[in-house]
Amino acid sequence: MSAQANSQTSMQASEKPLGRNELAELVARDIAPGSFVNLGIGQPTLVSNYLKPEQNITLHTENGMLGMGPAAAGDDIDGDLINAGKIPVTELPGASYFHHADSFAIMRGGHLDICVLGAFQVSATGDLANWHTGAPDAIPAVGGAMDLATGAKDVFVMMTLLTREGASKIVNACTYPLTGVGCVTRVYTDKAVFLTGPDGVTVRETFGCTFEELQELVPVPLKAAAAVAL
(Lines give C-alpha, C1' and ligand atoms only; values in the text may rest on other atoms or scores of the structure.)
Protein backbone atom coordinates (compact mmCIF):
# COMPACT_ATOMS: atom_id res chain seq x y z
CA MET A 1 0.00 0.00 0.00
CA SER A 2 1.36 3.45 -0.90
CA ALA A 3 2.17 6.15 1.66
CA GLN A 4 -0.69 8.22 0.23
CA ALA A 5 -3.13 5.34 0.71
CA ASN A 6 -1.88 4.74 4.26
CA SER A 7 -2.38 8.44 5.04
CA GLN A 8 -5.93 8.38 3.68
CA THR A 9 -6.79 5.26 5.67
CA SER A 10 -5.40 6.48 9.00
CA MET A 11 -6.85 9.99 8.99
CA GLN A 12 -10.37 8.98 10.14
CA ALA A 13 -10.35 10.28 13.72
CA SER A 14 -13.85 9.17 14.80
CA GLU A 15 -16.63 6.82 13.76
CA LYS A 16 -19.26 9.57 13.77
CA PRO A 17 -19.41 13.17 12.55
CA LEU A 18 -18.60 15.73 15.25
CA GLY A 19 -21.32 17.70 17.02
CA ARG A 20 -21.12 21.46 17.57
CA ASN A 21 -19.57 21.17 21.02
CA GLU A 22 -17.08 18.51 19.97
CA LEU A 23 -16.02 20.73 17.08
CA ALA A 24 -15.66 23.74 19.38
CA GLU A 25 -13.48 21.68 21.72
CA LEU A 26 -11.26 20.67 18.80
CA VAL A 27 -10.83 24.28 17.67
CA ALA A 28 -10.00 25.35 21.22
CA ARG A 29 -7.36 22.65 21.48
CA ASP A 30 -5.74 23.80 18.22
CA ILE A 31 -5.32 27.44 19.28
CA ALA A 32 -1.69 28.13 20.20
CA PRO A 33 -0.94 29.21 23.78
CA GLY A 34 -0.73 32.97 24.26
CA SER A 35 -2.86 33.83 21.23
CA PHE A 36 -5.14 36.84 20.88
CA VAL A 37 -8.37 35.53 19.37
CA ASN A 38 -11.74 36.81 18.14
CA LEU A 39 -14.69 34.42 18.05
CA GLY A 40 -17.36 35.26 15.49
CA ILE A 41 -21.11 35.23 16.02
CA GLY A 42 -22.87 31.87 16.18
CA GLN A 43 -21.12 28.52 16.41
CA PRO A 44 -17.62 29.99 17.02
CA THR A 45 -18.71 31.46 20.37
CA LEU A 46 -18.81 27.91 21.77
CA VAL A 47 -15.01 27.77 21.56
CA SER A 48 -14.69 30.00 24.64
CA ASN A 49 -16.23 27.25 26.77
CA TYR A 50 -13.34 24.88 26.01
CA LEU A 51 -10.29 27.10 26.38
CA LYS A 52 -8.08 26.06 29.31
CA PRO A 53 -6.45 28.56 31.70
CA GLU A 54 -2.99 27.18 30.97
CA GLN A 55 -3.40 28.15 27.29
CA ASN A 56 -3.38 31.82 28.32
CA ILE A 57 -5.68 32.81 25.44
CA THR A 58 -6.96 36.40 25.35
CA LEU A 59 -10.38 36.74 23.71
CA HIS A 60 -11.33 39.94 21.91
CA THR A 61 -14.90 41.01 21.17
CA GLU A 62 -15.84 43.39 18.38
CA ASN A 63 -17.91 45.55 20.71
CA GLY A 64 -14.85 46.55 22.74
CA MET A 65 -13.45 44.04 25.23
CA LEU A 66 -10.25 42.08 25.80
CA GLY A 67 -10.24 39.25 28.31
CA MET A 68 -13.67 37.73 27.67
CA GLY A 69 -14.40 34.48 29.48
CA PRO A 70 -16.92 31.69 28.79
CA ALA A 71 -20.62 32.33 28.23
CA ALA A 72 -22.45 33.46 31.36
CA ALA A 73 -25.20 31.40 32.99
CA GLY A 74 -27.46 31.75 36.01
CA ASP A 75 -26.30 34.30 38.56
CA ASP A 76 -23.26 35.16 36.41
CA ILE A 77 -25.42 36.85 33.77
CA ASP A 78 -24.96 40.62 33.60
CA GLY A 79 -27.15 42.33 31.01
CA ASP A 80 -24.44 44.94 30.42
CA LEU A 81 -21.73 42.36 29.74
CA ILE A 82 -22.30 40.82 26.31
CA ASN A 83 -20.29 39.84 23.25
CA ALA A 84 -20.84 41.10 19.70
CA GLY A 85 -23.63 38.55 19.24
CA LYS A 86 -25.47 39.96 22.30
CA ILE A 87 -24.78 36.77 24.29
CA PRO A 88 -24.07 37.30 28.02
CA VAL A 89 -20.44 36.51 28.78
CA THR A 90 -18.06 36.54 31.72
CA GLU A 91 -14.87 38.51 32.20
CA LEU A 92 -11.48 37.13 33.22
CA PRO A 93 -9.04 38.84 35.62
CA GLY A 94 -7.35 41.71 33.80
CA ALA A 95 -10.19 42.24 31.32
CA SER A 96 -10.35 45.68 29.69
CA TYR A 97 -12.97 47.71 27.87
CA PHE A 98 -12.54 50.31 25.14
CA HIS A 99 -14.22 52.32 22.41
CA HIS A 100 -15.63 50.58 19.34
CA ALA A 101 -13.13 52.42 17.15
CA ASP A 102 -10.23 51.09 19.22
CA SER A 103 -11.66 47.60 18.90
CA PHE A 104 -11.63 47.91 15.11
CA ALA A 105 -8.09 49.27 15.23
CA ILE A 106 -7.08 46.01 16.92
CA MET A 107 -8.86 44.03 14.19
CA ARG A 108 -7.57 46.06 11.25
CA GLY A 109 -4.08 46.55 12.62
CA GLY A 110 -3.05 42.89 12.51
CA HIS A 111 -3.07 42.46 16.29
CA LEU A 112 -5.24 39.33 16.33
CA ASP A 113 -3.51 36.00 15.90
CA ILE A 114 -6.68 34.08 15.00
CA CYS A 115 -10.31 34.78 14.29
CA VAL A 116 -12.87 31.97 14.16
CA LEU A 117 -15.83 32.65 11.85
CA GLY A 118 -18.85 30.88 10.47
CA ALA A 119 -19.33 30.64 6.71
CA PHE A 120 -21.81 29.98 3.92
CA GLN A 121 -19.02 29.05 1.50
CA VAL A 122 -15.23 28.68 1.44
CA SER A 123 -13.40 28.36 -1.87
CA ALA A 124 -10.55 26.00 -2.68
CA THR A 125 -8.10 28.89 -2.37
CA GLY A 126 -9.48 30.22 0.92
CA ASP A 127 -11.96 32.87 -0.22
CA LEU A 128 -14.64 33.45 2.41
CA ALA A 129 -18.36 34.17 1.93
CA ASN A 130 -20.19 34.51 5.24
CA TRP A 131 -22.47 37.54 5.22
CA HIS A 132 -25.02 37.32 2.40
CA THR A 133 -26.80 34.57 0.47
CA GLY A 134 -28.75 36.85 -1.84
CA ALA A 135 -31.99 36.29 0.07
CA PRO A 136 -34.21 39.42 0.21
CA ASP A 137 -34.34 39.37 4.02
CA ALA A 138 -30.60 38.73 4.53
CA ILE A 139 -28.37 41.03 6.58
CA PRO A 140 -27.73 44.08 4.34
CA ALA A 141 -24.06 44.75 5.24
CA VAL A 142 -20.88 42.77 5.76
CA GLY A 143 -20.07 44.29 9.17
CA GLY A 144 -16.93 43.51 11.16
CA ALA A 145 -16.41 40.12 9.52
CA MET A 146 -14.65 41.91 6.66
CA ASP A 147 -12.17 43.51 9.06
CA LEU A 148 -11.57 40.26 10.91
CA ALA A 149 -11.06 38.26 7.73
CA THR A 150 -8.43 40.64 6.39
CA GLY A 151 -6.83 41.70 9.67
CA ALA A 152 -6.30 38.44 11.58
CA LYS A 153 -3.10 36.49 10.95
CA ASP A 154 -5.07 33.23 10.64
CA VAL A 155 -8.75 32.74 9.82
CA PHE A 156 -10.39 29.53 11.03
CA VAL A 157 -13.89 28.66 9.82
CA MET A 158 -16.41 26.52 11.72
CA MET A 159 -19.39 25.19 9.77
CA THR A 160 -21.28 22.10 8.72
CA LEU A 161 -19.76 20.69 5.54
CA LEU A 162 -23.11 20.39 3.74
CA THR A 163 -26.10 22.67 3.31
CA ARG A 164 -29.59 21.46 4.20
CA GLU A 165 -29.94 20.50 0.55
CA GLY A 166 -26.79 18.37 0.71
CA ALA A 167 -24.49 20.69 -1.26
CA SER A 168 -20.88 21.17 -0.18
CA LYS A 169 -20.00 24.53 1.37
CA ILE A 170 -16.41 24.02 0.23
CA VAL A 171 -16.51 24.98 -3.43
CA ASN A 172 -14.20 25.70 -6.34
CA ALA A 173 -15.34 29.34 -6.37
CA CYS A 174 -17.77 31.14 -4.07
CA THR A 175 -21.10 32.10 -5.61
CA TYR A 176 -22.11 34.34 -2.70
CA PRO A 177 -20.67 37.85 -2.11
CA LEU A 178 -17.17 37.62 -0.63
CA THR A 179 -16.14 38.68 2.84
CA GLY A 180 -12.43 38.20 2.16
CA VAL A 181 -10.13 36.86 -0.59
CA GLY A 182 -7.67 34.07 0.13
CA CYS A 183 -7.96 34.64 3.87
CA VAL A 184 -9.11 31.27 5.26
CA THR A 185 -6.32 28.97 6.44
CA ARG A 186 -8.30 26.21 8.12
CA VAL A 187 -11.89 24.91 7.97
CA TYR A 188 -13.42 22.85 10.78
CA THR A 189 -16.54 20.90 9.82
CA ASP A 190 -18.57 18.07 11.25
CA LYS A 191 -17.00 15.67 8.72
CA ALA A 192 -13.39 16.83 8.40
CA VAL A 193 -10.73 19.44 9.08
CA PHE A 194 -9.44 21.10 5.89
CA LEU A 195 -6.31 23.18 5.37
CA THR A 196 -6.79 25.77 2.63
CA GLY A 197 -4.43 27.97 0.66
CA PRO A 198 -3.03 28.85 -2.77
CA ASP A 199 -2.13 25.20 -3.42
CA GLY A 200 -5.65 23.90 -2.83
CA VAL A 201 -7.34 21.91 -0.08
CA THR A 202 -5.64 19.36 2.18
CA VAL A 203 -7.60 17.09 4.53
CA ARG A 204 -6.05 16.82 8.00
CA GLU A 205 -8.52 14.34 9.49
CA THR A 206 -12.04 13.01 8.91
CA PHE A 207 -14.98 12.24 11.21
CA GLY A 208 -17.48 9.51 10.42
CA CYS A 209 -16.27 9.02 6.86
CA THR A 210 -13.23 7.93 4.90
CA PHE A 211 -11.15 10.20 2.70
CA GLU A 212 -12.73 8.59 -0.38
CA GLU A 213 -16.27 9.16 0.94
CA LEU A 214 -15.37 12.77 1.74
CA GLN A 215 -14.09 13.37 -1.78
CA GLU A 216 -17.46 12.21 -3.15
CA LEU A 217 -19.15 14.97 -1.13
CA VAL A 218 -16.80 17.81 -2.04
CA PRO A 219 -16.50 19.08 -5.64
CA VAL A 220 -12.92 20.24 -5.07
CA PRO A 221 -9.82 18.03 -5.52
CA LEU A 222 -8.63 17.01 -2.06
CA LYS A 223 -5.17 16.01 -0.87
CA ALA A 224 -4.50 13.89 2.19
CA ALA A 225 -2.15 15.39 4.74
CA ALA A 226 1.07 13.42 5.05
CA ALA A 227 1.02 13.96 8.81
CA VAL A 228 -1.17 15.74 11.35
CA ALA A 229 -0.29 19.43 11.33
CA LEU A 230 -1.55 21.55 14.21
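Which residue just after α3 takes a positive phi, and of about what value?

Modeller: That's G110, with a phi of about 80°. Before we go on, this is a predicted model, so local features need pLDDT of at least 70 and side-chain atom pairs pLDDT 80 or more, while totals for chains, interfaces and linings use all residues. Numbering runs from 1 along each chain as its sequence is written, and side-chain values use heavy atoms, without hydrogens or water.

Now the helix itself: α3 spans residues 100-108 (helices are DSSP runs of H or I, at least four residues, and strands are runs of E, at least two, numbered from the N terminus). S103, F104, I106 and M107 are its buried residues, that is, under 20% relative accessible area with a 1.4 Å probe, protein chains only. Why do they sit on the same side of α3? Because they cover an arc of only 150° around the axis, taken from the directions from the axis to the C-beta atoms.

C115 has its nearest cysteine sulfur, that of C183, 7.6 Å away. C115 counts as buried because its relative accessibility is 0%, and C183 also counts as buried, at 12%.

Definitions and conventions
Disulfide = S-S within 2.5 Å. Buried < 20%, exposed > 50% of the residue type's maximum accessible area, 1.4 Å probe, protein only.
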